[in-house]
Amino acid sequence: MKWFALGCRLVLAAVFIGAAVLKILHPHDFALAVFRYQMLPYPWVNLAALTLPWIELLSGLALLLVPRLRDAAAAIILALLLVFTTAIAVNLARGVSIACGCFSVDPAAEKMGYWNLVRNAALILMAAWTWRRAARAGGRGVTAPG
Amino acid sequence: MTAGNDALGGAAAARVPGGAALAGRVLLLLAAAVACAGLANVLRPRGAIRWVEDWGRYVEARAMKAGIVLAPLSEAVRAAGAQTRVLLDARPHHDYLAGHIPGALSLPYDDIASFFGPLQMKLTRAQPILTYCSGADCDEALLLTQYLARQQFTNVVLFLGGFAEWERGGHPVARGDAP
């Protein structure tokens, strides 16, 4: 179980750190990807595009490297995955054909499809399990002795 | 980060329930992310991007809001090559004469009253049509697409990249009055 937990953390951290880097380097391209989802009021698009990748990056790093923050990082990653998955599902239901913007900010990248939902469902299960496990350990970790 | 968490979690968490301590750690991570985002944006070598921008001014935003189907370059290439759609050039007629996508017909939005009548005879309402103008920032093709929708044309898509993207892609250009 310990190795499985480590594997989940490694996968989630790799996914979120990997996803964040290009978005941080090309914020306006990522803003365009966010805009194309048509989920946010327009004035919020840049705000989301500037902050989301850093939330992804720090959560990924914390999940991997900072045991005391592991439960918080897992909770944030779980929440982000739920939001991202909802956004993808809504746009697939609308019939909108856009690039996912998950790991690439190139608008000409492969269009998203139901595969993205399957992948995210797997990641959500991993994040939920990691959060639950980390929350138990985290609760003990932050309680002062005595 | 660990030290910060220790400060947050060590003394305080003994007095607060687990949920509140978790919320504190979540807020700590989010605050750190916002601070990093702000710093990175200020230090960006190519200049900061605006935190708040009105995307509604972009043609693409207006098109998406209007429910117009956007066509990528590949569809314009297919339309020009296999004639799967009638291509309508919405730029001023002198721009059309200077260079246009091969096979495209000129229907300048700024003189639509003169050009639409004769062209209308050649089109059916269900005709697959692709409109374009000079690039992603011009709005003549958008306005033409909306005009055609009002005229009951049911299968019109907008090639947002327009003539600029066509030329950038190295595709052939026709000149003069002939399509």
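Leaving aside neighbours within four places in sequence, which residues is Leu12(A) in contact with? Contact here means heavy atoms within 4.5 Å. They are Leu63(A), Ile77(A), Leu81(A), Leu123(A), Met126(A), Ala127(A) and Thr130(A).

Some ground rules. This is a predicted model, with local features needing pLDDT of at least 70 and side-chain atom pairs pLDDT 80 or more, while totals for chains, interfaces and linings use all residues. Residues are numbered from 1 along each chain as written, chains are lettered from A in the order written, and side-chain values use heavy atoms, without hydrogens and water.

Now the core. Leu12(A) is among the residues with the most contacts inside the largest nonpolar core, which has 44 residues; Phe30(A) and Leu29(B) are also among them. A nonpolar core is a set of buried Ala, Val, Leu, Ile, Met, Phe, Trp, Tyr and Cys residues joined through side-chain atoms within 4.5 Å, buried being under 20% relative accessible area with a 1.4 Å probe, protein chains only. Helix 3 of chain A gives the most, 10 residues.

Next, that helix pair. Helix 3 of chain A and helix 2 of chain B pack at about 125°, axes 8 Å apart; axes are lines fitted to C-alpha atoms over the stretch in contact, and angles run from 0 to 180 degrees between N-to-C directions. Residues meeting there include Trp54(A) and Leu58(A) from helix 3 of chain A, and Leu29(B) and Ala33(B) from helix 2 of chain B.

Notes:
Buried < 20%, exposed > 50% of the residue type's maximum accessible area, 1.4 Å probe, protein only. Helix = DSSP H or I, 4+ residues; strand = E, 2+ residues; numbered from the N terminus.
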